[in-house]
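Visitor: Before we look at anything, could you take me through the labels one at a time and show me what each of them rests on?

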Amino acid sequence: QSSLFLDIFLNNVLGLQSEIFSKYDLNFLRVYEEHVFADGKIDIFIYYKHPIKENRFAIVIENKINAGDQQNQLKRYYEYVSAPKYLDLKYEQIKILYLTTQGNEPSEVSISSSLNTELFERNVLKGISYSKEIRRLLLKSNDLLKSESIIQTINQYLEIINDLSNE
């Protein structure tokens, strides 16, 4: 069950059925909490650093609970994963997820309207919510888990999501 959450997250929650996100080797996958880079700190950074550059991908998750956007925050994250001097990934290798309780859009403080539109249209930037996508991830995981202690932990997390989303 080592890749259960990732599989559900990629396929069922984000709907990433593309070849690049669906076939991966856990040996090349890294998940970072508060990943620091030259221009900031990414809340959750999932990086698949495959030896073949075309097989690499990055998922940036900006977690916003009761916090405002920082100046050019999402723009800086996009530049980090796409710029040749950093990771040099192409549109189809990048997902930037703006996670809020209700799936709010990022403000123009964080990303310009034009870049927001460009990344949204290219399926790079996506707003997701605790109340919908994360809840779906946890419920789907609960159906497949075998460990009672993990199921109980997920149920507690679901209660917190209900409180956060006023449901």
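Guide: What follows takes some labels in this predicted model and sets each beside its cut-off.

Visitor: What makes H5 roughly antiparallel to H6?

Guide: Helix H5 (residues 130-144) and helix H6 (residues 148-164) pack at an angle of about 165°, their axes being 10 Å apart. An angle over 145 degrees counts as roughly antiparallel, and therefore H5 is described as roughly antiparallel to H6. The crossing of these two helices is left-handed.

Visitor: Which residues in H5 and H6 meet?

Guide: From H5 come Tyr130, Ser131, Ile134, Arg135, Leu138, Leu139, Ser141 and Asn142, and these meet Ile151, Ile154, Asn155, Tyr157, Leu158, Ile161 and Asn162 in H6. Divided by kind, the residues of this contact are nine nonpolar, five polar and one charged.

Visitor: Why is the aromatic pair of Tyr32 and Phe45 called stacked?

Guide: Ring centres within 6.5 Å make a pair, and planes under 30 degrees apart make that pair stacked. For Tyr32 and Phe45 the values are 6.1 Å centre to centre and 25° between the planes, so the pair is stacked. Tyr32 lies in strand S1 (residues 29-37) and Phe45 in strand S2 (residues 40-48), so the pair ties together parts that are 13 residues apart in sequence.

Visitor: How do you know whether Tyr32 and Phe45 are buried, partly exposed or exposed?

Guide: Buried means under 20% relative accessible area, exposed means over 50%, and partly exposed is in between. Tyr32, with a relative accessible area of 32%, is therefore partly exposed, whereas Phe45, at 1% relative accessibility, counts as buried.

Visitor: What makes the pair of Phe45 and Tyr80 tilted?

Guide: The rings of Phe45 and Tyr80 are 5.8 Å centre to centre, with 55° between the planes.

Visitor: Which residues form one aromatic cluster?

Guide: The cluster is formed by Tyr32, Phe37, Phe45, Tyr47, Tyr77, Tyr80 and Tyr86.

Visitor: Lastly, which residues of helix H1 are buried, and what follows H1?

Guide: In helix H1 (residues 4-13) the buried residues are Leu4, Leu6, Ile8, Phe9, Leu10 and Val13. Gly15 follows H1, and the phi of Gly15 is positive, near 65°.

Methods:
Residues numbered from 1 in each chain as written. Predicted model: local features only at pLDDT ≥ 70, side-chain atom pairs only at ≥ 80, totals over all residues. Heavy atoms only, no water. Axes fitted to C-alpha atoms, helices over the stretch in contact; angles between N-to-C directions. Helix = DSSP H or I, 4+ residues; strand = E, 2+ residues; numbered from the N terminus. Parallel < 35°, antiparallel > 145°, perpendicular 65-115°, else oblique. Left-handed = near helix turned anticlockwise from the far one by under 90°. Contact = heavy atoms within 4.5 Å. Nonpolar A, V, L, I, M, F, W, Y, C, P; charged D, E, K, R; others polar. Phe/Tyr/Trp six-rings, centres within 6.5 Å; stacked < 30°, edge-to-face > 60°. Buried < 20%, exposed > 50% of the residue type's maximum accessible area, 1.4 Å probe, protein only.
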